[in-house]
Amino acid sequence: MKPDGPSRLDLMAIDVILRRRDDLRRILLEVATHAAAEDEIHRSVRALAGARWETIRNRPPHIGSLAVFMPSNNVLYSYVLYALIPALYTGSVTFRPSSRVEKVTEAVHRLLSEDPIMPNPFPVDMAPVSQRRFLSDCRTADAMVFCGRPENARSVSRAVGPATLLLTFGSGPNPVVVGPDADLSRVVPDLLSTRLYNSGQDCLSPDVIFVHRSLAGPLTERLDAALARLAAGERQDPRAEVSPLVYRDAVQGAAAFFAASPASDVVRGGGTDIATGWVEPTLLFREWDATFHPPEFFAPVFCVMEYESLRQVGDWLDSPEERGRGMYVSLYGMPAETGRLMGTSVVLRDRTTFDAEDGNRPFGGYGADASSVHASGRSHARPLLLSAELARRAV
């Protein structure tokens, strides 16, 4: 970390976030539910509080420039992870906001960068230009972070300069596996909290739930009853557990999936309204199908599939389709399963992806589409953290 850099930027940012919390929440409510906005603020403060520990632990070398393609969700938290914390060891950070949330991202950037206690000049700049233009302008940056679709990540990796360290973050299905000895009184609340986070609009939410045949009936009944009691409302309502979606293509994707699914699979819900962004909280139940690979729903969709043997799930996770997008897999009620990986997915035991996520530690799995680092014409799939990757490269 450079001694004369913005060494107190982390503490300054915590001060601004806590002091301007109400203003930040109002901005985030444009794209996040009240609960998700509050959670983002908490996670952002926690990550900034851990930034000093992260940089001391990893000792990243100082770099001159970082370019960031921001994701379309978790606007504040992503700004903290990919811009503010890296600014502690980077001369200048330039980011391109996702066009979907450009105004919200700009408002967050303005609130933080223009606060009187922040350094002037501010070490983070926003470039609201096309992806093509941004890549052209920044292709020789010392490091680059890309958050988005795998096919776009591959295009970016082919276009950056040979000296640029590129980190790409995608998504994965993050399945939950409910074993025969699982405690459903714990499993069901965890499923609800993860699948309904920001009404399902998060890459950490599980897109498929595998349940052992012995618990398939009880789990489905409990989920059905819980969905029937959900409070619907607008994003600004603190009592709302599910709200209209921000992304219309997510509504269209859910509608297409429901239309293609047999009517007998739908236990509850299945309704959509593209005009309002509403996707009815939906529960689907399927018998085992090894060829089924769920889309990223980005909606309040609970897709349950029963299995007989954990080997079926293991083979599914080890299939070519899933090895490419392996991120996390949560196992409930399986103390005998002690492996670190299933396929390319990192195993979590009796906890959710949100429980495991830590902004100061490497994130993701070992699927190339989920998280990859590219440098000097070579790429490696693994959980990523910029400060750790810079330190690894410097050795």
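Seven strands, listed as 7 in the order S3-S2-S1-S4-S5-S16-S17, form an open sheet with mixed pairing, where strands and helices are DSSP runs numbered from the N terminus, a strand (E) having at least two residues and a helix (H or I) at least four, and where two strands pair if DSSP finds at least two bridges between them. At the edges of this sheet stand strand S3 (124-126) and S17, each of which pairs on one side only. From one strand to the next the twist averages 15 degrees, an angle that, like the others below, runs from 0 to 180 degrees between N-to-C directions, with axes taken as lines fitted to C-alpha atoms, for helices over the stretch in contact. The model is a predicted one, in which local features need pLDDT of at least 70 and side-chain atom pairs count only at pLDDT 80 or more, while totals for chains, interfaces and linings use all residues. Residues are numbered from 1 along each chain as its sequence is written, and side-chain values use heavy atoms, with hydrogens and water left out.

The end of this sheet that holds S16 and S17 can be followed residue by residue. Strand S16 (residues 371-375) and strand S17 (residues 378-381) run antiparallel and are joined by 4 bridges. Within this pairing Ser372 stands opposite Ala381 in S17, and His374 stands opposite Ser379 in S17. The two strands form a hairpin with 2 residues between them, and in the turn Ser376 has a positive phi of about 55 degrees.

Helices pack against the sheet as well. Helix H6 (residues 102-113) touches strand S2 (90-96) and S3, and its direction makes about 150 degrees with that of S3; contact here means heavy atoms within 4.5 Å. Helix H7 (residues 131-138) lies across strand S1 (63-69), S2 and strand S4 (143-147), and runs at about 170 degrees to S1. In the loop between H6 and S3 lies Pro121, which is joined to Asn120 by a cis peptide bond with omega of about 10 degrees. Most peptide bonds are trans, and most residues other than glycine have a negative phi.

Gly148 counts as partly exposed at 30% relative accessibility, on a scale where buried means under 20% relative accessible area, exposed over 50% and partly exposed in between, with a 1.4 Å probe and protein chains only. Although Gly148 and Thr168 are 20 residues apart in sequence, their C-alpha atoms are 7.7 Å apart in space. Leaving aside residues up to four places away in sequence, Gly148 touches Phe169 and Gly170.

A second open sheet, also of mixed pairing, is formed by 8 strands in the order S8-S11-S12-S7-S6-S13-S15-S14. Its edge strands are strand S8 (266-268) and strand S14 (341-342), each pairing on one side only. Inside the order, strand S13 (residues 328-332) and strand S15 (residues 345-349) pair in the parallel sense over 4 bridges, and Leu331 has Arg349 of S15 as its bridge partner. H10 packs on this sheet, touching strand S6 (176-178), strand S7 (209-212), S8, strand S11 (282-286) and strand S12 (301-307), and its direction makes about 130 degrees with that of S7.

In the loop between S11 and S12 is Phe298, which has a positive phi of about 55 degrees although it is not a glycine; Phe298 is buried, with a relative accessible area of 10%. Asp350, in the loop between S15 and helix H14 (353-356), likewise has a positive phi, near 55 degrees, but Asp350 is partly exposed, with a relative accessible area of 29%.

H10 also meets a helix. The axes of helix H9 (residues 184-195) and helix H10 (residues 213-228) come within 10 Å and cross at roughly 50 degrees. That makes H9 oblique to H10, since angles under 35 degrees count as roughly parallel, over 145 as roughly antiparallel, 65 to 115 as roughly perpendicular and the rest as oblique. The contact involves residues of H9 including Leu184, Val188 and Leu192, and residues of H10 including Leu215, Arg222 and Leu227.
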